[in-house]
Amino acid sequence: MKTNMPIIGALESSLPIRRHPANPVLDAARVPYPTALVFNAGVAKFGGRYVMVFRNDYGSLEKQTIEPSHTTDLGIAFSDDGIHWTAGPKPVFKLRDEEIVRAYDPRLTVIDGRCYMCFAVDTRHGIRGGIAVTDDFESFEILSLSTPDLRNMVLFPERIGGNFVRLERPFTVYSRSGVDRFDTWISESPDLIYWGRSGLLLSVEQVPFANDKIGPAAPPVKTSKGWLTTFHAVDIDPARGKNGWEPSWKKRYTAGIMLLDLDNPKKILGMSASPLLAPEAAYETDGGFRNNVIFPGGMVLEEDGEVKIYYGAADTVECLATAHVDDLIRLCLEK
């Protein structure tokens with residue numbers, strides 16, 4: 001199934017978002033231990049500075065090989081300006097036992113002065129979504145693990161209608177004819193442990209630049225007009241070739257953006273009809289583990305209205321793009 005998906009990167013000058021000239025803002029060369037792929041980070045402002053928890057996949061950049069998945073862990077980096085980062089001396093989070101293979105893809109949300117981390121967990125019996133809390137990024141208390149198969153969970157930064165709220169992406173394989181027709185769902189919880197009142201928020205059929213799957217990306221930020229949140233969108237083109245270290249990689253990951261109602265985030269107020277970011281820069285399209293991948297994992301709204309969007313590029317490095325919040329809202333509401 002070949003598709004003519006829009007190549008938005010070539011039109012970037014007409015979009016309100018800009019890649020930062022310091023990109024990548026973090027890569028394996030700036031981590032003081034021998035990792036290979038540094039990407040899909042969660043980012044938040046916490047304790048007076050920027051905090052990044054990033055995914056480490058080990059292997060060799062030179063040989064283009066990676067170690068078995070059970071070696072994956074999470075590292076940490078800090079920044080005073082959100083641009084220049086200093087990685088910690090060692091990883092800070094790893095799950096591994098007879099049942100659990102690994103934890104990965106962290107997402108950070110600050111709620112009531114504490115930092116919560118959503119993450120994915122590969123197990124021998126399915127993929128689970130986890131929520132942990134930390135006050136110092138040295139010790140983490142795991143609050144809940146979902147049933148399989150679920151991941152890409154992100155938390156809203158405050159209770160809505162008395163409940164915590166999260167976006168999530170179930171793996172509805174059997175009911176969707178065994179293909180990757182995955183959608184974005186929304187659930188509520190009184191305590192971050194027990195989740196329910198779940199409902200479909202955004203389906204892949206509603207996104208004109210996806211033909212495979214969609215799901216949450218960076219946790220939402222609150223604006224005067226609604227909850228601004230990014231999502232990832234995937235399109236497949238069988239004509240695509242190798243595109244990375246694997247024998248074949250035919251997917252392209254782009255970033256979308258939408259606006260949700262402040263009081264009822266199950267209501268979508270608007271969504272950009274084309275990608276906010278699509279792979280274009282060399283660090284997104286060439287030489288990576290999986291080229292043509294953009295995956296936002298952190299979004300910070302500054303007091304002056306600047307929005308910092310942190311994203312993994314080519315499943316290899318961590319990058320930054322910026323925009324003004326008013327421009328992003330306008331993009332969501334354009335008809």
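Strands here are DSSP runs of E with at least two residues, numbered from the N terminus. Before I go on, this is a predicted model, so local features need pLDDT of at least 70 and side-chain atom pairs count only at pLDDT 80 or more, while totals for chains, interfaces and linings use all residues. Residues are numbered from 1 along each chain as its sequence is written, and side-chain values use heavy atoms, with hydrogens and water left out.

Back to Ala313. Is Ala313 buried or exposed? Ala313 is buried, because its relative accessible area is 0%, and buried means under 20% with a 1.4 Å probe, protein chains only. Who touches it? Setting aside neighbours within four places in sequence, Ala313 is in contact with Tyr283, Glu284, Val293 and Cys319, where contact means heavy atoms within 4.5 Å. Phe156, on the other hand, is 157 residues apart from Ala313 along the chain, and their C-alpha atoms are separated by 24 Å.

Now, the pockets. Rolling a probe the size of a water molecule over the atoms shows where empty space is left. On a 1 Å grid over the protein atoms alone, with a 1.4 Å probe, a pocket is an open set of points with protein on both sides within 12 Å along at least five of seven lines, and lining residues have an atom within 4 Å of a point. Volume is the space filled by probe spheres set on the points, which are joined across faces, edges and corners.

The largest pocket comes to about 450 Å³. Its lining has 27 residues, and Arg55, Arg102, Arg151, Arg290 and Asp315 lie nearest the centre. By class, that lining is 10 nonpolar, 6 polar and 11 charged; Asp, Glu, Lys and Arg count as charged, Ala, Val, Leu, Ile, Met, Phe, Trp, Tyr, Cys and Pro as nonpolar, and the others, Gly among them, as polar. Strands giving at least two residues each include S2 (37-46) and S12 (150-155), and S8 has the largest share with 3.

The second largest pocket holds about 250 Å³. Of its 15 lining residues, Ala44, Lys45, Val110, Val221 and Met299 are closest to the centre. This lining has 11 nonpolar, 2 polar and 2 charged residues, and S21 gives the largest share, 4 residues.

Last stop, S12: 6 of its 6 residues are buried. S12 pairs with S13 (residues 164-170) in the antiparallel sense over 4 bridges, pairing being at least two DSSP bridges between strands. Val154, for instance, has Leu167 in S13 as its bridge partner.

Methods:
Buried means under 20% relative accessible area, exposed over 50%, partly exposed in between (1.4 Å probe, protein chains only).
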